[in-house]
Amino acid sequence: MINYISTRNSNISVKASEAVLRGQASDGGLFVPQNLEDLKIDYHRITNCDDFKSMAAAVWNLFLDDYGSGVITELVKKSYEGKFSSEKVTPLVKVNGAYVLELYHGPTSAFKDVALQALPNLLTKARSMNGVTDEIMILTATSGDTGSAALSGFSGVDGTSIVVFYPDGGISETQRLQMVTDAGKNTSACAIRGNFDDAQNGVKKIFREMPRPAEGISLSSANSINIGRLVPQIVYYFSAYRQLLDMGSIKDGDLVDFVVPTGNFGDIMAGFFARCMGLPVRRLVCASNKNDVLTEFINTGHYNRIREFHKTTSPSMDILISSNLERLLYYICGEENTASYMKQLEETGEYQISDAELKAIQDVFSAACATDAEGAAAIKDVFESENYLMDTHTSIAWSCLDKYERKEGVPSVVLSTASPYKFCASVLSALGLEVSDSDRKNMEVCHEYTKAEIPAGLADIWDKEILHNDLINPKEMMSYVVEKSMKSR
Ligand SMILES: *Cc1c(COP(=O)(O)O)cnc(C)c1O
């Protein structure tokens, strides 16, 4: 059985289902499998599977071993059947000398769906397995993508409810409509008179002061520090490899590079796990936007969050503290050093790892960053030469293709994390087209010009009924949650 321990203290040790249920360890660390050797398998066991769902079942069985394989098969089916518009779930496309792994064919058109369609099922099962009778109420503050993906994942799931807070006027019209039209009986989306930090601080305060807002209701979080969000993301690295084999682009055993647009380091950490399981991966390339804290860290070993925060056209990567990096630190530096680095980060905003530790990271990871202008040029370039349309996050990764040491004969796979239609205004501007104040108009113009298909979940939001109208002050968040939890009982 796989032992999950805190990255800061291996004496805190739980089974997989408990790690999913708790989200974060009690000492502030993150849960990780204690020994990487336990994950080493013959990768053919996964790449030989018939389809994405059987690959998912094989990966989940390894990491979430106390659920049992019968349960896992059922949960995988519930999570993915009929939810994704591509039969392959995460299709791979060849584009001008590289490959793009499209992760955005889920209900909200961002890669977070792959994990957030799964997490509710993993969480409710973990609850019954561990004898928890409380209903779970998910609280999330969002600056865009996470909120809609979490609402869609938890919508209608028995034994759960979800409240999402977003900054009034601080997200795009498309993102707002995705949330306020959600029809689940157990969902709430509420605007805050304030910015994202106000929403985030409000949520943190509620977790601290009121973990059980009503009798029979426990709070939980849907953010990417939960191991139940990471495990489903490992699957598409194997799926990409299998698709390269099926296309005849590689021979079995050949090495592959993955270039990952990174924010909280969750997506690329899943790639690290895939590599540890034995998948032939040469380099994992961490691509950042102008918020280049990870580029500096991977190139110098110095993590420094004391720097200017840039608002970019790839907002889901605008992050200065990449939480999931702590999981990598545990495997490279051990629990004591990890605990010490995290303490330094909290107290001083920076830390420096040793040369040996840096070398161990650089054996696997490369890092590069690109500006908004470089990303925009990539969107225009690739569309005009290949007739292929990328979003603003994918284009940052694409721009990093010629900023790391590629190797002759090793294919590069760029992870594509969002549909271009989620970020229409920036995409239009990159293409040199006129941008309107109306997202709806932008979507139409983008479609007319590129003929790229609009995802079903985005095409019809304009005419859907608005079901969530709440707008409150940050001070009222706590009473709002109490009121919702009384209703959900
Ligand atoms: C969340 C997100 C990312 C960053 O992924 P991490 O796992 O946080 O590194 C990149 N692109 C998009 C579109 C996202 O929504």
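What covers the buried residues of H12? In this predicted model, where residues are numbered from 1 along each chain as its sequence is written, local features need pLDDT of at least 70, side-chain atom pairs count only at pLDDT 80 or more, and totals for chains, interfaces and linings use all residues. Side-chain values use heavy atoms, with hydrogens and water left out.

Helices (H or I, at least four residues) and strands (E, at least two) are DSSP runs, numbered from the N terminus. A residue is called buried under 20% relative accessible area, exposed over 50% and partly exposed in between (1.4 Å probe, protein chains only). Contact means heavy atoms within 4.5 Å. Helix H12 covers residues 293-300, and its buried residues are Val293, Leu294, Thr295, Phe297 and Ile298. The cover over these residues includes strands S11, S12 (302-304), S13 and S14 (365-369), together with helices H13 and H14 (355-362). Just after H12, Gly301 has a positive phi of about 85°.

In H13 a kink of about 125° is centred on Cys333. Buried residues of H13 include Leu325, Tyr330, Tyr331, Cys333, Tyr341 and Leu345. After H13 comes Gly349, with a positive phi near 85°.

Aromatic rings were examined next. Rings of Phe, Tyr and Trp (its six-membered ring) pair if their centres lie within 6.5 Å; planes under 30 degrees apart count as stacked, over 60 as edge-to-face and the rest as tilted. By this rule the count comes to 18 aromatic pairs. Phe63 and Phe273 form an edge-to-face pair, because their ring centres are 5.6 Å apart and their planes stand at 75°. Phe63 belongs to helix H3 (residues 52-63) and Phe273 to helix H11 (residues 266-276), so the pair ties together parts that are 210 residues apart in sequence. Phe63 is buried, at 0% relative accessibility, and Phe273 is also buried, at 1%. A second pair, Tyr341 and Tyr351, is stacked, with 5.2 Å from centre to centre and 15° between the planes. Tyr341 lies in H13 (residues 325-348) and Tyr351 in strand S13 (residues 350-352), so this pair links parts that are 10 residues apart in sequence. Tyr341 is buried at 8% relative accessibility, and Tyr351 is buried at 3%. One aromatic cluster is formed by Phe63, Phe265, Phe272, Phe273, Tyr330, Tyr331 and Phe365.

A polar contact is a pair of N or O atoms within 3.5 Å; within protein, one must be able to donate a hydrogen and the other to accept it, and residues adjacent in sequence count only if both atoms are side-chain atoms. Arg282, in strand S11 (residues 281-288), is buried at 17% relative accessibility. The side chain of Arg282 reaches the backbone oxygen of Glu405 at 2.7 Å. Not counting residues up to four places away in sequence, the residues that Arg282 touches include Leu255, Asp257, Arg275, Tyr404 and Val410.

Of the 15 residues around the ligand, Lys112, Asp145, Gly263, Asn264 and Thr417 come nearest. A polar side-chain atom of Asp145 is 2.8 Å from a ligand oxygen atom, and a polar backbone atom of Gly263 is 2.8 Å from an oxygen atom of the ligand. Phe265, a member of the aromatic cluster, has a backbone N or O atom 3.1 Å from an oxygen atom of the ligand.

Several loop residues were also described. Asn96, in the loop between strands S4 (92-95) and S5 (98-102), has a positive phi near 40° although it is not a glycine. Asn96 is partly exposed, with a relative accessible area of 47%. Lys451, likewise not a glycine, has a positive phi of about 65°. Lys451 lies in the loop between helices H18 (439-450) and H19 (456-459) and is exposed, with a relative accessible area of 62%. Glu37, in the loop between strand S3 (31-33) and helix H2 (44-47), is exposed at 61%. The C-alpha atoms of Glu37 and Cys276 are separated by 8.1 Å, although these residues are 239 residues apart along the chain.

Notes
The bend at a residue is the angle between axes fitted to the seven residues ending there and the seven starting there. A residue is near a molecule or strand if one of its heavy atoms lies within 4 Å of it.
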